[in-house]
Amino acid sequence: MACGLWLTYYSVEHLQTIYITATNIFIRFGVILIFVFTILIIIRYLLLMFFSILQTIRRSADENFSIYKQDRVSIIVPCYNEEDVIIHSLKSIISQTYPNLEILVIDDGSKDRTYDLAKKFEFDDGQKRLRVISKRNAGKSQALNYGIAHAEGNLICCVDADSKLDKYAIELLVQHFQDPKIAAVAGSVNVVNTNSSLTKLQALEYIQGLNMVKNGQALLKLVNIIPGPLGMFRKDAIMEVGCYAHDTFAEDCDLTLSLIAKGYKIDFEPDAIAYTEAPENLLDLLKQRYRWTRGILQAIRKNRKYLWKFSKRPSLSFVMWYMLFESVFWPFMQVWGDIFMIYLAIASGASQLLLFWWIMFTVLDVAGAIYCLLLTKESLSLAPYSIIYRLFFITVINIAKIFATIEEWFGIDMNWGKLERKGRIE
Amino acid sequence: MNVLSFLSFLILAITLLTMVFGVIAYFLYKAREKKKKGAKMTYEKALKSEGRDLLYFTKE
């Protein structure tokens with residue numbers, strides 16, 4: 001961290017020299033932008049890490065942990081053509097330690113054997129029950145809403161059919177609902193197929209995103225997205241906001257924003273784990289990130305009236321600005337910063353600035369990665385991937401995000417684009 | 001050439017190449033999606049393109 005701060009000081013000093021000596025207005029403006037951007041990124045890193053540490057201390061200090069098992073939980077598993085993964089997913093759900101469970105598998109008009117495979121698991125032992133319902137294909141949000149409408153439980157847990165749950169996941173999520181203001185709890189998502197550099201980079205990204213970002217947000221009880229692989233909701237709250245909307249490609253993000261708008265709190269449970277498959281080739285990864293970016297932007301646009309309502313809905317405004325920063329400003333600034341640095345290097349020979357700028361961010365990334373890996377007791381062998389992350393991965397992803405933002409701005413058509421699963425969950 | 005200059009050049013070259021690669025990868029993704037979309041021929045689409053009734057078989 002000290003190294004990062006020293007590099008920041010050096011980079012800022014270098015920028016100051018360029019600003020003073022430059023006569024070109026474009027260079028001066030660029031230097032100011034880079035300076036503001038760098039400061040914002042460093043503040044973001046330090047704040048998130050500080051919040052995350054505080055949250056971890058608070059969790060470990062909370063000794064009044066009583067097991068709460070009264071609420072009936074309805075687990076909804078929407079599926080469409082999931083024959084490769086549905087068996088392992090259902091086995092993990094059935095083996096949950098939480099006793100009071102209803103499992104609803106909603107087959108969204110699959111064209112493969114998903115329905116037949118799931119149907120074999122149907123059972124009812126009085127406490128736990130599994131039912132498979134088939135309906136015409138209408139999309140994930142419709143399938144989730146159909147499941148919610150048929151659910152008996154007062155807590156709704158939405159699980160992706162390509163995810164496998166840790167056996168304590170539901171029990172751990174339920175505990176948060178002892179606080180009546182909590183409307184939803186996000187689970188933790190781990191990548192299961194770390195068999196290539198690309199999936200290892202995503203595994204590292206997930207670990208950092210969960211343990212630094214989500215854990216930090218959990219301190220304020222303002223987690224901005226309940227992940228598709230695992231999230232639990234209070235049924236009353238979800239009904240109050242009208243369930244999942246059908247007009248965005250990030251129905252989970254839209255629902256979370258609607259709950260925050262109603263004044264509810266959203267928490268995160270790091271030990272409730274869902275294992276999921278990450279895309280194994282670059283084009284599938286770009287497809288996923290493209291959809292996420294456009295979906296988030298659609299959700300923000302839908303709730304845009306709250307962006308400036310700091311006095312009425314401060315928490316929602318804060319969350320939405322944070323999401324805009326992460327999904328739009330940061331990618332634009334990072335790519336623009338790289339282009340500007342290349343221009344500076346070619347035009348004025350200040351190529352060392354790019355090197356120090358890159359090292360500064362890499363040091364921050366490595367520090368963050370080591371902190372998160374130690375926190376989760378994961379292998380430290382993933383930490384060196386932070387260098388590749390900063391060098392290649394994030395730039396390629398950010399370019400896709402920028403194009404997605406531009407296409408969303410111009411309203412270019414998009415479709416859901418289901419990712420092909422390899423069936424790595426076992 | 002000292003170490004710093006060499007590393008600066010290396011990062012500069014990698015950054016430039018990664019950006020070009022990122023743009024190419026994005027357009028490859030878009031081309032793949034377009035190809036996939038075009039490959040999905042429905043009876044209605046075929047009927048429209050042919051302009052006459054079509055005989056088709058379904059697999060039992």
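Student: How many bridges join strand 5 of chain A to strand 8 of chain A, and do these strands run parallel or antiparallel? Please continue from there to the surroundings of the two strands.

Tutor: The model is a predicted one. In it, strand 5 (residues 155-158) and strand 8 of chain A are joined by four bridges and run antiparallel. One pairing can be located by residue: Cys158(A) has Gly231(A) of strand 8 as its bridge partner. On its other pairing, strand 8 of chain A meets strand 7 of chain A, again in the antiparallel sense, over three bridges. Here Ala184(A) is the residue that stands opposite Phe233(A) of strand 8.

The side chains of strand 8 (residues 231-234) of chain A may be considered next. Gly231(A) and Phe233(A) point one way, while Met232(A) and Arg234(A) point the other way; all of them are buried.

These strands belong to an open sheet of nine strands in chain A, with the order 3-4-2-1-5-8-7-9-6 and mixed pairing. At its edges are strand 3 (123-124) and strand 6 (163-165) of chain A, each of which pairs on one side only. Helix 7 (residues 197-219) of chain A packs on the sheet, where it touches strand 7 (182-191) and strand 9 (265-276) of chain A. The direction of helix 7 makes about 155° with that of strand 7 of chain A.

In general, the strands of a sheet pair through backbone hydrogen bonds, either parallel or antiparallel. A parallel case is found between strand 1 (residues 73-79) and strand 2 (residues 101-108) of chain A, which are joined by seven bridges. Within this pair, Ile76(A) stands opposite Leu104(A) of strand 2.

The largest nonpolar core has 107 residues, of which Ile76(A), Val77(A), Ile156(A) and Cys157(A) touch the most other members. Helix 13 (residues 385-409) of chain A gives the most to this core, with 11 residues. Leaving aside neighbours within four places in sequence, Val77(A) is in contact with several residues, including Ile103(A), Leu104(A), Val105(A) and Ile106(A), as well as Val159(A) and Ala161(A). A second, separate core has 18 residues, among them Ile34(A), Trp357(A), Val363(A) and Leu364(A).

Conventions:
Residues numbered from 1 in each chain as written. Chains lettered and ligands numbered in written order. Predicted model: local features only at pLDDT ≥ 70, side-chain atom pairs only at ≥ 80, totals over all residues. Pairing = 2+ DSSP bridges. Contact = placed C-beta atoms within 7 Å. Axes fitted to C-alpha atoms, helices over the stretch in contact; angles between N-to-C directions. Buried ≥ 20, exposed ≤ 12 C-beta atoms within 10 Å, placed from the backbone. Core = buried A, V, L, I, M, F, W, Y, C linked by C-beta atoms within 7 Å.
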